[in-house]
Amino acid sequence: MMAETRSTCPYCGVGCGVIIQHDGKRVIEVRGDPAHPANFGRLCTKGSTLHFTARPEGRLLFPEMRPGKAEARQRVGWGEALDTAAQRFADVITRHGPDAVGFYLSGQLLTEDYYVFNKLAKGLIGSNNVDTNSRLCMSSAVAAYKQTLGADAPPCAYEDFDHADCLLIAGANPAFAHPIAFRRIEAAKAARPGMKIIVVDPRRTDTAASADLHLAIQPGTDIWLFNAMLHVLIAEGYVNLPWIEAHTEGFAALREAVLPITPGVAAEVCGVSQDDIVTAARWWGAAQAPLSLWCMGLNQSHHGTHNGTALIALSLALGKIGQPGCGPFSLTGQPNAMGGREVGGLANLLSAHRDLANPAHRAEVAALWGVAAVPEKPGLAAVDMFEAVRSGDIRALWIVCTNPAHSMPQQALIREALEKCEFVVLQEAYRNTETAPYADLLLPATTWAEKEGTVTNSERCITHVRPAVSPPGETRADWQIACEFARVLGAKLGRGHLAERMFGYAEAEAVFLEHAESTRGRDLDITGLSYATLDLHGPQQWPCPAGATRGTARLYADGVFQTATGRARFVVPTDVLTAERCDAQYPLSLTTGRLRDQWHGMSRTGKLARLYSHVDEPRIELHASDLSARGIAAGDLVRVASQRGAVILRAHASAEIQPGQAFVAMHWGRQLLSSSGANELTLNAVDPASQQPELKHAAVQIERVDLPCQAILMRSAVYADAANSLAIERAAALAAWLPRFDYASVALAGREFATVVVRIAHAVPIPQAWLEELDALMDLNGEHSLSYADAACGISKKAVVEDGMLTGLRLTGETAASGWLKELMVERAPAEAVRRWLFAPLPKAPVGGAARGRIVCNCLNVSENEIRAALASGADLPGLQASLKCGTSCGSCVPELKRLIAEGNQALA
């Protein structure tokens, strides 16, 4: 029987509401929730395809454990799994103390999950070694808010987009990373064309291309820009001195610090025009409602906290905070990083925005939990935690719903740490992440559409997440696993009665209500909320204390802040640049970021073929001049090296990149690439206040590599169910093959019928035995298989033609035809007309029309070549939307459509 359940999207921090259509066992379809205040029914390419990713392939369904460190994992029961885990942790705690264990959590957990793990470590075990991957994305924003406004509380709301008349977006690309929020910004601009949008980003992203003013600063120079803007605001009389005097402190010191930072000085450092700096400052200063947005570009820096405080100072200087359209707004990267911050899910925090260093706060939490004390020694933040694992100071590590063997910087050190650790538990929904091979114990967890709890999005809005389908296999909710482990561990530590009392929750809402009680009287008081309240009245922004009829849209309207004095603070920032400077050996500034249609380590989005169609292979993007100066052509393979490691990637010429810079997306890891991708290159230098690493920048060199022995393998199937299932399974199986080659990558292609695509480049001929094994894995043998070999030239080829369609292919030694053959397979075109040319070295199809090329509009499957053809015929944006329908569904492709139109207009001029 079909039913519908309201939930949220599990991707970015926008927190879009979704309606899941299901039969109780399977997710059938997903659409946006028109009643949810985060999205009002809209979804991006990722959210709108969630139902396609709710598949059994790759799921971890049963506990698995190694009998010995060097042995393969075997399926075990939950009882044995938890008893073994508890015994190992108890032994370590008894021998080496509570700080010899650690927990590494995730911003993708629900708030209830976070709360229980925090209580387990800090309350039962007595260690603050609990940190989270939010340390990698949001901890600098946390520290910046606390240093300036006194609490980790974003003061704004999404509805402020509708009221702002000057929007400053710094270190963020919401067109890709927060698409539905960007749709709202586009709508605000269309409704009020006078609204000014300023974007600060080294790259000319789709967000930057949509701006009235793009400040393409050099990486790491954000503080210089913001200080120069403040200099102009002061010099030209824009600052609100009466408000500053009444509601802030520290302004005199900051005014003195920015006095020498003139626009001319900053222009030299930042690499932008001083006139543009002045223009940005004047637009900001003259605005009645100035609003700033920031994300990873500011946070992922070794001075990320001061990046944030310098940006926040621009709002404080005008007294523009707590009013419609005003304030500093940090965009959250993960769906519930905010919820984790609320429960104290970082090594230096406690529940409800309490500080670990505050004795009164520790006493309050201890009383709530019914324990004698909460330890005062700060726990280890993410980078230090894994260094402690590597050194042997942490001997047992519990990782939950995150993938440090992909996402942490300086991956060589992370691999070494995980290999050395005495006992690694990985609690996960997926069994084939990069971290899974290091786990001694795998515990299967429920995931999206199977869980109940709450999440908090970027605007402090809490949503009740409801389960739609039954948990598969033996999967359990994350909070339940933590509770069951806590009770077994407590008994082994002689604290059984305490553990039974602390972790005897009957349901998820019992956890939520305890968390809510912990917030009573705090800045984020949510004692007025329950699951029933959220179901009846919809998502609510905190604070929402007992007796309130609705949540609070904006904070600090009264000019009273969460500091000891009630005044906001101006902070004098550091004037350092990037942690690593370019030099003659490493002359290029590498930045990292997100793609439009992928998310994090691709454990979910990587299952869906259509989400590869915008970018289908790992690559490094550079300015054309940097390629030509090194004798590199677009499409060549290049070795990208930093002081920490090297990777081989495809070179891609991009007009978005400035000379001397480069860009690599952070999504590709060892499940899909023969290296760890971007984080093989990044460094683990951290911000001293937030402990957030500088994942955004590294100095690198590139050189062309000669890998003459190339191959490409592709496989689909006649029927859609088989094609999609086998593509995911084969991609997972191919991961073990990737390290054998100098370069290898795996991707999916197609839409309803998935095709797995393997690209290989090697310095020496690929052994015949390897090819035979790959043929068997890809099922390229049998009655429908065709083959060709020229041993003298090192060429061998195979093709599979079923029901008149090309469904399998291997080209080895010569791959010129791979492009059009891939399109033939993906488009499910009849193969008979080209059958005689399947093995010919032809770069273009011998018959048929022009190739479709890269897909721009994923929703409606519209290609770049089709768009360019329409533009050549005189179409504008409305014309494209009318004729091709691109940009009329989720809207994620609209910024790129505008850019293609602008490029066409420039070409005509």
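Which charged end sits over the ring of Phe 753? Select Phe 753 and Arg 828 to find out: the charged end of Arg 828 is there, 3.8 Å from the ring centre. A charge counts as over a ring if NZ of Lys or CZ of Arg is within 6 Å of the ring centre and within 35 degrees of the ring normal.

Before moving on, note that this is a predicted model, in which local features need pLDDT of at least 70 and side-chain atom pairs count only at pLDDT 80 or more, while totals for chains, interfaces and linings use all residues. Residues are numbered from 1 along each chain as its sequence is written, and side-chain values use heavy atoms, with hydrogens and water left out.

**Rings**

Select Phe 52 and Arg 610 next. Arg 610 lies over the face of Phe 52, at 4.5 Å from the ring centre.

Then select Phe 89, Phe 103, Phe 117, Trp 398, Phe 423 and Phe 485, which form one aromatic cluster. The structure holds 23 aromatic pairs. Rings of Phe, Tyr and Trp (its six-membered ring) pair if their centres lie within 6.5 Å; planes under 30 degrees apart count as stacked, over 60 as edge-to-face and the rest as tilted.

**Helix H8 and its neighbours**

Select residues 222-235, helix H8, together with residues 274-286, helix H12. Helices (H or I, at least four residues) and strands (E, at least two) are DSSP runs, numbered from the N terminus. The axes of H8 and H12 are 9 Å apart and the packing angle is about 60°, which makes H8 oblique to H12. Axes are lines fitted to C-alpha atoms, for helices over the stretch in contact, and angles run from 0 to 180 degrees between N-to-C directions. Angles under 35 degrees count as roughly parallel, over 145 as roughly antiparallel, 65 to 115 as roughly perpendicular and the rest as oblique.

The crossing of H8 with H12 is right-handed. Right-handed means that the near helix is turned clockwise from the far one by less than a right angle; anticlockwise is left-handed.

Go on to Leu 213, in strand S10 (residues 213-215). Is Leu 213 buried or exposed? Leu 213 is buried, at 9% relative accessible area. Buried means under 20%, exposed over 50%, and partly exposed in between (1.4 Å probe, protein chains only). The C-alpha atoms of Leu 213 and Ala 280 are 7.6 Å apart, although 67 residues separate them along the chain.

**Backbone stops**

Most residues other than glycine have a negative phi, and most peptide bonds are trans. Select His 353, where phi is positive, near 60°. His 353 lies in the loop between strands S14 (349-350) and S15 (354-355), and is buried at 12% relative accessibility.

Lys 885 also has a positive phi, near 70°. Lys 885 is in the loop between helices H29 (877-883) and H30 (894-908), and is partly exposed at 45%.

For a cis peptide bond, select Trp 542 and Pro 543, where omega is near 5°. Pro 543 is in the loop between strands S21 (540-541) and S22 (568-569).

**Last stop: helix H28**

Select residues 864-872, helix H28, whose buried residues are Glu 864, Ile 867, Ala 870 and Leu 871. They cover an arc of only 125° around the axis, which puts them on the same side of H28. The arc is that of the directions from the helix axis to the C-beta atoms. Just after H28, Gly 874 has a positive phi of about 100°.
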